[in-house]
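Here is a friendly walk through one model, with strands and charged pairs as the topics. Please keep the viewer open as you read.

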Amino acid sequence: MRHVAVIGTGPAGFYTAEALQKQFGDQVRIDMIDRLPVPYGLIRSGVAPDHQSIKAVYKRYEKVALSDHVRFVGHVTLGEHVGMDELLGLYDAVILATGAPDDRRLGIAGDDLPGVIGSAAFVGWYNGHPDFADLDPPLDIASVAVVGNGNVALDVARILSKTSAEFAGSDIAMHAHDALAASRIEAIHLLGRRGPHQIAMTPKELGELGHLEEAAPEVDPADLPAESEDAALEPGQRKSVNHLRDFAGRSEAKRKRIVFDFFAMPIAVEGDGKVERIVVERTRLAADGRASGTGERYKIDCGLVVSCIGYQTPPIPGVPYDQSLGRFPNDHGVIAPGLYCVGWARRGPTGTIGTNRPDGFEVAEQIKATFGEGDSSKAGGAGLDALLRERGVEPVTFSDWQRIEAAEIERAREGNPREKFARIHEMIGALGR
Ligand code: NAP
């Protein structure tokens, strides 16, 4: 029998638990610890609320959570309620599946002005993550700059563009829905520091911008490379670029414009006590594919800047951390004997949800190879329970979560799957505690 603790209950955590079950059968006990009283990490708080089909993967994780020998230990914070050294003493293996929930900063003048918001915060806000329930982004404005040309930038631009009716069937947090419905945004500028061939947007997601009720995408045909150059692109990227070509050929007049500003590198945010404009330098592509400034500058008036330029994993006391990579240094998921990492905490914030699966399998195989199936001398979950009890900490179990979930479903607006509790005291309150 082996005892394993998985820290984090997003996709990486669940795929790892699943892989451990495959490796060890019933010879493993897995505790999945989360600082929130609710599971599923990025699926609940990162995947866009209007992408319910992607969120449906939680059903697979639910099966894992409900299977024998797996426990959800919610509302328990590593470093506050239990220490890293204590976990290493209690379990044969501790696996960090903590994701990459922190925003990377733009690192330009004015990036600390009110109204400059990272995508982790903005996405968390519209997805009802308790850390961002009070974000209150400025939306009584005419124009927004969204920095970055990845799928997160697309999500943010789409959410800023949709009408109330287009959110039907989503689980967008009510506070976000209402604030967006009251906003007077007319223009969303998507700033890419490189060109159309260098976008990190997948075709399906990009294509969605072409079907919005009140918003129309705009691409300047002059930014597009010669069509013959598309042949060198891999097929998915070619499809994405085809969407841009389609957008460039349109002349729709809708209430909102989604403007693709390519070769546009933000160099400063300006304003008197809050964001009023973003200063951009035109770029050209160097031979190595990187953007270099041309010296030509222009300004875009905007009352909100959402930077969608990637994420980092926060450090954990007692765990080695690579500041330049923004994650834990590791060798195929091994940080130190008995300590592992998976998912974005291992690889950085790239790939789709399914990309996390092989990570879990690789780490589970390594744990099996290291520990075999022999009997553990560790106290495992019983030891954790005793320690938490001593400290007066009452974890949220999976059946507790199911009660929270039932209450969220119960209070959903008509046609929507759930109305999330956006505050921890509301989640705990649903348990009558
Ligand atoms: P991403 O795909 O890495 O894109 C980041 C973007 O930010 C790139 O366009 C990058 O440009 C730009 N950037 C980085 N630093 C910058 C700077 N200092 N100034 C200006 N631009 C900068 O990251 P992401 O959009 O956060 O997405 C993270 C992962 O989640 C990706 O794998 C993504 O596909 C996935 N995701 C998937 C979905 C979906 O499938 N529906 C939805 C959301 C996210 P350069 O290319 O020039 O570096």
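The report below takes up a sheet and then some salt bridges.

## About the model

This is a predicted model, in which local features need pLDDT of at least 70 and side-chain atom pairs count only at pLDDT 80 or more, while totals for chains, interfaces and linings use all residues. Residues are numbered from 1 along each chain as its sequence is written, and side-chain values use heavy atoms, with hydrogens and water left out.

Three strands (DSSP runs of E, at least two residues) make up an open antiparallel sheet in the order β11-β12-β13. Its edges are β11 (264–270) and β13 (291–301), each pairing on one side only. Two strands count as paired if DSSP finds at least two bridges between them. Between β11 and β12 (residues 277–285) there are six bridges; Val-269, for instance, has Ile-278 in β12 as its bridge partner.

## Salt bridges around Arg-346

A salt bridge here is a side-chain nitrogen of Lys or Arg within 4 Å of a carboxyl oxygen of Asp or Glu, and the count comes to 34. Arg-346 forms one with Asp-359, at 3.5 Å between the closest N and O atoms. Asp-359 lies in helix α12 (residues 356–371) and Arg-346 in helix α11 (residues 344–347), so the pair ties together parts 13 residues apart in sequence. Helices are DSSP runs of H or I, at least four residues.

Arg-346 also meets Glu-362, at 3.0 Å from N to O. Arg-346 is buried at 11% relative accessibility, whereas Glu-362 is partly exposed at 26% (buried means under 20% relative accessible area, exposed over 50%, partly exposed in between, with a 1.4 Å probe and protein chains only).
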